[in-house]
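Here is a short briefing for a reader new to this structure. Look over the sequence and the model, then follow the points below.

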Amino acid sequence: MSGVDSGFIELDGVEKVFDVRRKTGFMKRAVRQVRAVDAISFRVERGEMVGYIGPNGAGKSTTIKMLTGILTPSAGRLRVAGIDPSRERKRLAHRIGVVFGQRTTLWWDLPLLDSYRLMHRMYRIPDARYRENLDRLVELLDLGALLDVPVRQLSLGQRMRGDIVAALLHDPEVLYLDEPTIGLDVVSKSKVREFLRELNAERGTTVLLTTHDLQDIEQLCKRVMVIDHGCLMYDGPLAGLHEAGESERTLVVDLERELPPIDAPAPARVVRVDGPRQWLAFPAGESAAPLVARIAAEYPLVDLSVREPDIEAVIATMYGEQAERAIS
Amino acid sequence: MGSARLYAAVAAGGFRRYATYRAATVAGVFTNTVFGVILVFTYMALWDQKPQLGGYDQAQAVTYVWLGQCLYATLAIQGGGAEKDLMERIRTGEIAVDLYRPADLQLWWLAGDVGRALFQMLGRGVVPFLFGALFFPMALPTSVTPWAAFTVTLLLATVVSFAIRYLAALSVFWLLDGMGVNQVLMVTGIFFSGMVLPLNAFPGVLGEVVRVLPWAAQLQMPADVLMGETDPLRAFAFQAGWAVALLAAGRLLQSAATRRVVVQGG
Amino acid sequence: MLREGLRAYRLIAGMWVRSSMAYRTSFVVTVFGNLTVTGLDFVGILLMFSQVDSLGGWSLPEVAFLYGLSVTSFGIADLVLGSMDVLGARMRDGSFDTLLVRPWPVLAQVGADRFALRRLGRITQGAVVLGWALVSVDVGWSVSKVLLVPVTVVSGAAIFSAVFVAGAAFQIYAQDAAEVQNAFTYGGTTLLQYPPTVFGKDLVRGVTFMVPLAFVNWVPAAYVLGRPYPLGLPPWTAFASPLVAVACCALAGAAWRTGLRSYRSTGS
């Protein structure tokens with residue numbers, strides 16, 4: 001893991017076209033070509049931690065499948081650690097780790113440790129290295145007490161952490177994570193994030209993760225790539241994405257009684273009123289504190305909460321912007 | 001009235017759910033046809049050697065084979081109907097949700113299974129039967145009455161078949177896994193329903209025993225009624241008797257099971 | 001490649017065996033269940049012979065010989081590759097993809113999927129019937145006849161294995177149509193339990209030349225039992241089963257590779 005070569009993951013005009021057959025009548029079918037990934041090019045350096053985001057069906061998982069060698073690209077050039085994934089799937093497998101969010105690769109009816117023993121042999125990990133990795137990972141992810149527990153008895157969060165360990169036992173140079181925090185409780189989420197940060201910082205493991213959770217990205221990734229309709233829409237720092245999307249957070253205010261819309265200082269504004277509850281939108285980049293203080297001082301406040309913008313919303317506003325720009 | 005509509009909706013749901021598996025249905029039709037052809041040849045050889053075996057002539061034996069292929073999926077003779085989903089729900093603990101539903105658990109699953117049976121009959125059963133009628137000599141009645149009586153026996157057969165499988169599914173509350181029970185269902189279903197050989201061709205005491213077991217209500221009764229080999233009213237009584245007894249047993253087991261709902265960790 | 005595949009197969013199969021031990025009661029029941037369910041076919045044959053002395057001109061020991069060969073061969077193939085029918089389901093739920101990111105041949109992983117020792121039940125049952133048939137048939141045993149029996153069992157297992165692999169390849173294209181495979185596997189072994197004389201000429205032609213199941217037992221059994229060869233095949237074909245098996249395996253392997261390549265380029 002020493003040599004610093006550039007472009008650890010390289011995509012050059014990578015495309016993936018599917019034939020979609022659709023029934024148009026009895027025994028009749030129309031074949032339509034769908035461009036799931038459309039001429040994507042990017043490069044990820046060794047040791048980067050990148051968020052790969054986009055709406056469902058945008059082409060995220062197709063890209064990940066090409067990067068892991070599951071799918072063969074229709075066109076373009078693709079290299080991971082200098083290997084062409086689709087041609088040398090098995091050789092690549094030794095150098096990558098993959099965690100499919102909602103699909104465990106652990107053995108359901110067997111103790112967690114049994115799955116790790118299989119990885120040990122599957123990847124031919126030297127005994128000493130396996131021991132060392134297992135001890136370290138299990139400690140970091142706090143799974144020590146669970147190694148002898150059948151996987152089916154683990155909680156979702158425990159299972160996810162278990163899957164991450166399984167994906168890292170063979171010291172992969174790059175780790176792909178597909179929705180690693182989906183459905184997890186707050187404690188598990190923060191454990192997973194903390195672990196990934198450490199893995200990236202201390203072992204220099206390159207991490208590429210897809211997520212719906214903006215906090216994953218905020219807390220983990222300096223760099224974000226946004227894909228939609230198979231095209232790379234944005235590639236840059238997270239802050240730039242916020243700017244591009246001009247995303248807003250929402251303050252949900254519960255008042256004592258039904259009142260006219262709160263008179264909030266611009267740019268904050270009331271977007272919805274439903275009885276005593278009101279929704280105020282304000283820029284994601286600003287602190288909620290002054291707004292909250294002002295409302296608390298002037299209105300009979302019962303409760304309030306802040307909702308983070310989700311990625312879909314950020315992207316939606318981003319495209320709105322682009323569309324407008326295109327028109328003008 | 002409202003609840004009748006509820007169960008009708010559940011049945012319609014069962015029908016639609018299986019109707020979505022089009023490729024699987026076509027594959028099933030193919031497989032049943034192939035098995036039908038294999039069995040028909042062996043039965044024809046058997047009846048060549050011994051005409052009038054079990055009171056059937058060769059055409060009746062052929063009819064029996066194709067009826068068996070027609071009802072194989074319809075009555076889930078070797079399992080694979082509602083009980084499969086039920087077992088999975090018990091195994092994963094999701095059954096707890098069902099127990100809070102304002103509907104009767106047994107009726108709910110029966111309705112779904114009836115919907116499934118109706119689809120399997122139309123989608124998967126009819127074609128092999130027609131194939132058989134087209135290429136092999138069959139003994140089918142030409143008047144309406146036997147067909148009407150046959151329809152009634154089919155309905156009763158569906159209920160008996162469900163009641164057997166429901167009992168088996170509930171055992172998962174205690175066994176925690178359905179694999180073993182499924183095997184038992186398969187063995188008993190195939191053998192005692194007469195998929196291997198018509199029950200009336202079984203020799204001696206064995207024959208007398210298998211002809212009064214509940215599985216006889218599944219294939220043998222409808223076949224005999226269709227081909228006029230038995231009094232329809234006797235067949236109805238036999239099937240209804242087993243249906244009531246098995247459904248009652250199912251309710252007993254169900255209340256015992258709900259008392260010890262184990263929600264598995266997950 | 002082959003050694004790596006066998007190693008992968010062994011390790012994965014071991015995991016499944018241990019998984020099945022998690023439910024001991026069910027495991028015991030399924031072992032007996034498998035033994036019984038596969039024995040039902042023979043019970044059916046016994047029931048038939050309780051009514052008649054011969055079927056298609058063949059005596060009970062002769063039919064038992066066919067049955068024993070067919071079921072033992074099929075049992076071996078079923079033990080080794082019998083769970084390939086879950087492939088379609090694995091593709092639908094996406095778990096097939098997890099196999100493709102591992103450093104192992106996919107066929108070995110798919111073949112070992114849901115490996116179950118309960119399938120030994122069928123082999124045991126088939127072997128017992130075969131053993132009984134061997135001592136009961138009225139045959140003047142020669143060295144070539146004795147040797148032909150084990151060769152036939154192994155060749156038959158290879159032919160059925162090829163059918164399983166071809167079926168798996170087919171599932172890549174028609175994920176929901178796994179049952180078609182049953183027509184050739186379970187249907188095949190059932191067909192071969194009865195003498196060829198029972199069946200129509202076209203059917204016999206089909207399972208001789210199109211899907212050469214006849215070489216699992218019919219053709220070699222004709223030599224051992226001194227019966228006429230099906231379709232009037234020349235006598236040397238009795239010894240052709242190993243060649244047929246090799247050809248079938250090669251074709252099935254090619255079909256599998258084509259299917260896998262197609263999956264990886266279409267994602268479905």
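In chain A, strand E3 (residues 49–53) and strand E8 (residues 223–228) pair in the parallel sense, over four bridges. Within this pair, A:Ile53 stands opposite A:Val226 of E8(A). The model is predicted.

**The open sheet of chain A**

- Six strands of chain A form an open sheet, in the order E5-E6-E7-E3-E8-E9.
- The pairing in this sheet is mixed.
- E5 and strand E9 (231–237) of chain A stand at the edges. Each has a single partner strand, so one side of each is left without a neighbour in the sheet.
- On average, neighbouring strands of this sheet are turned by 15° against each other, direction ignored.

**Helices on the sheet**

**A hairpin in chain A**

- Strand E11 (residues 269–274) and strand E12 (residues 277–283) of chain A pair in the antiparallel sense. Five bridges join them.
- One bridge sets A:Arg269 against A:Ala281 in E12(A).
- The hairpin of E11(A) and E12(A) has two residues between the strands. A:Gly275 takes a positive phi near 60° in this hairpin.

**A helix pair in chain B**

- Helix H6 (residues 105–135) and helix H7 (residues 144–170) of chain B pack with their axes 10 Å apart.
- What is the angle between H6 and H7 of chain B? The angle is about 125°. H6(B) and H7(B) are therefore oblique to each other.
- The crossing of H6(B) and H7(B) is right-handed.
- H6(B) makes the contact through B:Gln106, B:Trp109, B:Leu110, B:Asp113, B:Val114 and B:Ala117. H7(B) brings B:Thr158, B:Phe162 and B:Tyr166.
- By class, this contact of H6(B) with H7(B) has six nonpolar, two polar and one charged residues.

**Where chain B meets chain C**

- The contact takes 35 residues from chain B and 36 residues from chain C.
- Helix H2 (22–49) and helix H9 (179–193) of chain B each supply at least two residues of the side that touches chain C.
- H2(B) gives the most to that side of chain B, with 16 residues.
- The residues on this side of chain B divide into 27 nonpolar, six polar and two charged.

**Where chain A meets chain C**

- Here 26 residues of chain A are in contact with 18 residues of chain C.
- Strand E1 (9–25), helix H2 (89–93), strand E5 (96–100) and helix H3 (112–122) of chain A each supply at least two residues of the side that touches chain C.
- H3(A) gives the most to that side of chain A, with four residues.
- The residues on this side of chain A divide into 12 nonpolar, six polar and eight charged.

**Confidence in chain B**

- Chain B averages a pLDDT of 92, and 97% of the residues score at least 70.
- Over residues 262–266 of chain B, pLDDT stays under 50. For these residues the model has eight contacts beyond four places in sequence.

Note on methods. Residues are numbered from 1 along each chain as its sequence is written. Chains are lettered from A and ligands numbered from 1 in the order in which they are written. This is a predicted model: local features need pLDDT of at least 70, side-chain atom pairs count only at pLDDT 80 or more; totals for chains, interfaces and linings use all residues. Two strands pair if DSSP finds at least two bridges between them. Two residues are in contact if their C-beta atoms, placed from the backbone, lie within 7 Å. Ala, Val, Leu, Ile, Met, Phe, Trp, Tyr, Cys and Pro count as nonpolar, Asp, Glu, Lys and Arg as charged, and the others, Gly among them, as polar. Axes are lines fitted to C-alpha atoms, for helices over the stretch in contact, and angles run from 0 to 180 degrees between N-to-C directions. Angles under 35 degrees count as roughly parallel, over 145 as roughly antiparallel, 65 to 115 as roughly perpendicular and the rest as oblique. A crossing is left-handed if the near helix is turned anticlockwise from the far one by less than a right angle, and right-handed if clockwise. pLDDT is the predictor's confidence in each residue, from 0 to 100.
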